[in-house]
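Here is a briefing for a reader new to this structure. Look over the sequence and the 3D view, then read on.

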Amino acid sequence: MGELKLMKGNEAIAEAAIREGVDAYFGYPITPQSEVLEYLMAEQPEKRTGMVVLQAESELAAINMVYGAAAVGKKVLTTSSSPGISLYQEGISYIAGAELPCVIANVVRGGPGLGTIQPSQADYFQTVKGGGHGDYKLFTLAPSSVQEMADFVSLGFEIAFKYRTPVMILSDGMIGQMMEKVELKEQKPRWTDEEIKKMHDKWATIGKTPDRERNIITSLNLDSAIQEKHNHKLQAKFRKMEAEEVRYELFNTDDAEYLMVAYGSSARIAQKSIALARAKGIKVGLLRPITLFPFPEKPLADLTPQLKGILSVELSAGQMIEDVKLAVQCKVRVEHYGRFGGMIHSPEEVLTAFEQTFIGK
Amino acid sequence: MKLQEIIKEENLVYKRTPLMTDNVLSYCPGCGHGTAHRIVMEVIEEMGVQDDTIGIAPVGCSVLAYDFMNIDMVQAAHGRAPAVATGIKRTWPDKFVFTYQGDGDLAAIGTAETIHACNRGENITIIFINNGIYGMTGGQMAPTTIEGMKTSTSPYGRDLQLMGNPLKITELVAQLPGTYFVARHSVHNPAAVRKTKRAVQKAFQIQKERKGLAFIEIVSNCNSGWKLPPVKANQWMVENMFPFFPPGDIKVDGELVKKE
Amino acid sequence: MTEEIIIAGFGGQGVLSMGKILAYSGIMQNQEVSWMPSYGPEMRGGTANVTVIVSDERISSPILNFYDTAIILNQQSMDKFEKTVKPGGLLLYDPNGINRHPERQDIKIYKIEGAKLAAEMGNTKIFNMIVLGAFLKLKPIVKFENVIRGLKESIPERYHKLIPLNEAALKKGMDNPVELKPGKN
């Protein structure tokens, strides 16, 4: 068993990054995730592992520092919160287009605009449906505990390098600010320059040696036919992710007549709502998507025949519900419930909404 | 006399650096970019650091610099080259990292990245091509378009009241403690080319010695954007740009050069 | 066992750190814990509260409407959280600064003179440890030795010399909760 600590989600991401052997973190302060940069600066990972930590002058600079470090095959992490992530979008589109690996975490707060600093899940569309320009998909992991905040750093880099793609950890102010027990992994050594050369010399811009052609990191193809071909290549990666990388969790679904679908912090709340419902004899279960892209469409479709109704529970005005509806293809009634703008629904509120919607009281 | 008899080692006065690719330059005839590319590549070749050099191409005419420079290159989002260079240099300090940016990229949309990279004293080299116009998009006004200069978005000439002042960003970054060497040169005649090359050599030497950031502005032309034939464009540049953007060293060894 | 607790008072009373020590104590005996603070503008000079859950099982919602225990340290929190204690649950409060005492008939109500006892012990900063001690006397969900271990984990090493004082404060709190019978407040 690894070392046990009581940590905030934001601290867990920072500590997990050091232990993962991450090479660099670039970021810009924004509530409710500033603890990530604060923790790293206090911890001095430069001394622990040689990891670089730099406070950038803006989110624009931060995401482009990420782009640079990723271009030379390094493991690079950044974190921000909603308004900052909006500023990242240009960079994320470039990173996706140029096929670079990196991990980005969004500790979501209420919007739109400057919004609030309280938890929200209103950045689902931005994350899963695009955000930046162009045809790309952002591999998205949705942690629902502090433990997963830590674990998804390693998993995120595994996916990022496997597919050479940006990976988003879509969290929120609740998971970022709360403390829970975390089991920390052993320190992994950072990759040496030689290891990086061996693994990534095919694409990384680490210096043209006489034995190979020059490597170019770019998302530009002035010839549309070549750009279309490049897009086909990207799409093939996204299809492979859909086939092989779906992750989700089921609670009480064996005998469920109704289902709640919820991710991240909302899934924690819904789990309690389900316990309250079960105590009243209502057979309701929970599907928690862990990957939002790729969305667990098939598991959801497989459950559909036994269901009388699905409630998509989100801290938003209803965003993931669109993917839930696509997955079940109108075979069962799907409704949404959620507070938003930084307000958090309670387990009781969710249960009441569920009963009013489906049981009729 | 056969060709092979003429091309002999002892008769060789100029040889194209192998660090320029065989691709035909996409720049307009008479444009300074080709010469500026060659200078940078010659310096890298002469220092023998091709294996360890990473260039950052901007958005603008030189967006395709990676087609012509035979080294590993990263194409950056508009204005963000100094941030990209920071990401590379910080994580791989042994590499030589330079950005190659135009005036719109460096002095308009990327002003924040330029100033902060310079102010942090990132140990990188910035090559700044200033031709006072947006060439790639068809000749719009740039942050360095001088007063009265006509562009497609200042068709009656730059009106300072209406459009603001041209930005001397090179003098500005020279004020920052993070810059070690700041100079302005040009590539319009052989003497100027030699001076520019010496400055670029010095800039890369500074990076090698980890002394800080070196910033070289190259005042250049844009025949197409200025709507002048190459020779006249260079004349116009000397007569009109140089008074506002005077060539010479601005900061040497971390000290501002005193003007007489 | 699952214990759902709200601790609420003014910023500066040690509300968040009391919750943190309790949560760390749970980890020391291999329980699941969550600590969810209110954060944001209300933290600045106003009220602070934290929801702490200690459980033998995986914890679902870290944010709750109803609690097994409310530990209340100022009047605003009394007004807000008295009604959130589950029937049969516990309300523990420090009467210092409270002008409307709890009125519920269906819960257990105890008071602890934390501020007064801390002043008597000569250090107002150990106030929160006295209150925590009183809670642990009433609901011994974590062993005393694990609280001391939790304390060591949750405070920086340079303050470890203060652990004996904190231990004394916990014990002082354990000796002093006073039960208030319904209708006799």
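## Chain C and the overall picture

Chain C has six helices and seven strands. Helices (H or I, at least four residues) and strands (E, at least two) are DSSP runs, numbered from the N terminus. This is a predicted model, in which local features need pLDDT of at least 70, side-chain atom pairs count only at pLDDT 80 or more, and totals for chains, interfaces and linings use all residues. Residues are numbered from 1 along each chain as its sequence is written, while chains are lettered from A and ligands numbered from 1 in the order in which they are written.

**Chain C in outline**

- From the N terminus on, the elements of chain C follow the order β-α-β-β-β-α-β-β-α-α-α-α-β.
- The radius of gyration of chain C is 15 Å, close to the 16 Å that the globule rule gives for 185 residues, so chain C is as compact as a globular protein of that length. The radius is taken over C-alpha atoms, and the globule rule is 2.2 Å times the number of residues to the power 0.38.
- The C-alpha trace of chain C spans about 45 × 40 × 35 Å along its principal axes.
- In chain C, 49% of the 185 residues count as buried. A residue is buried if 20 or more other C-beta atoms lie within 10 Å of its own, exposed if 12 or fewer, and partly exposed in between, with C-beta atoms placed from the backbone.
- Of the contacts in chain C with a separation of 6 or more, 60% come from residues 24 or more positions apart. Two residues are in contact if their C-beta atoms, placed from the backbone, lie within 7 Å.

**Chain A in outline**

- Chain A holds 14 helices and 15 strands.
- Its radius of gyration is 21 Å, close to the 21 Å that the globule rule gives for 361 residues, so chain A is as compact as a globular protein of that length.
- The C-alpha atoms of chain A fill a box of roughly 75 × 50 × 40 Å, taken along the principal axes.
- Of the 361 residues of chain A, 58% are counted as buried.
- Residues 24 or more positions apart make up 78% of the contacts in chain A with a separation of 6 or more.

**Where A meets B**

- 32 residues of chain A are in contact with 29 residues of chain B.
- On the side of chain A that touches chain B, at least two residues each come from β2 (24-27), β3 (52-55), α4 (59-71), α5 (82-97) and β9 (216-217) of chain A.
- α4(A) gives the most to that side, with nine residues.
- By class, the side has 17 nonpolar, nine polar and six charged residues. Ala, Val, Leu, Ile, Met, Phe, Trp, Tyr, Cys and Pro count as nonpolar, Asp, Glu, Lys and Arg as charged, and the others, Gly among them, as polar.
- β9(A) pairs with strand β2 (residues 72-75) of chain B in the parallel sense, over two bridges. Two strands pair if DSSP finds at least two bridges between them.
- B:V74 in β2(B) is the bridge partner of A:I217.

**Where A meets C**

- 20 residues of chain A are in contact with 19 residues of chain C.
- α11(A) supplies the largest share of the side of chain A that touches chain C, five residues.
- That side has 11 nonpolar, four polar and five charged residues.
- β8(A) and strand β2 (residues 32-37) of chain C run antiparallel and are joined by two bridges.
- C:W35 in β2(C) is the bridge partner of A:M179.

**How the chains compare**

- Of the two pairs of chains in contact, chains A and B share the most contacts.
- Chains B and C do not touch, and their nearest C-alpha atoms are 30 Å apart.

**Local features**

- Most residues other than glycine have a negative phi, and most peptide bonds are trans.
- The peptide bond from A:T31 to A:P32 is cis, with omega near 5°. A:P32 is found in the loop between β2 and α2 (34-43) of chain A.
- The peptide bond from A:F293 to A:P294 is also cis, with omega near 0°.
- A:Q44 has a positive phi, near 50°. A:Q44 is exposed, with 11 other C-beta atoms within 10 Å.
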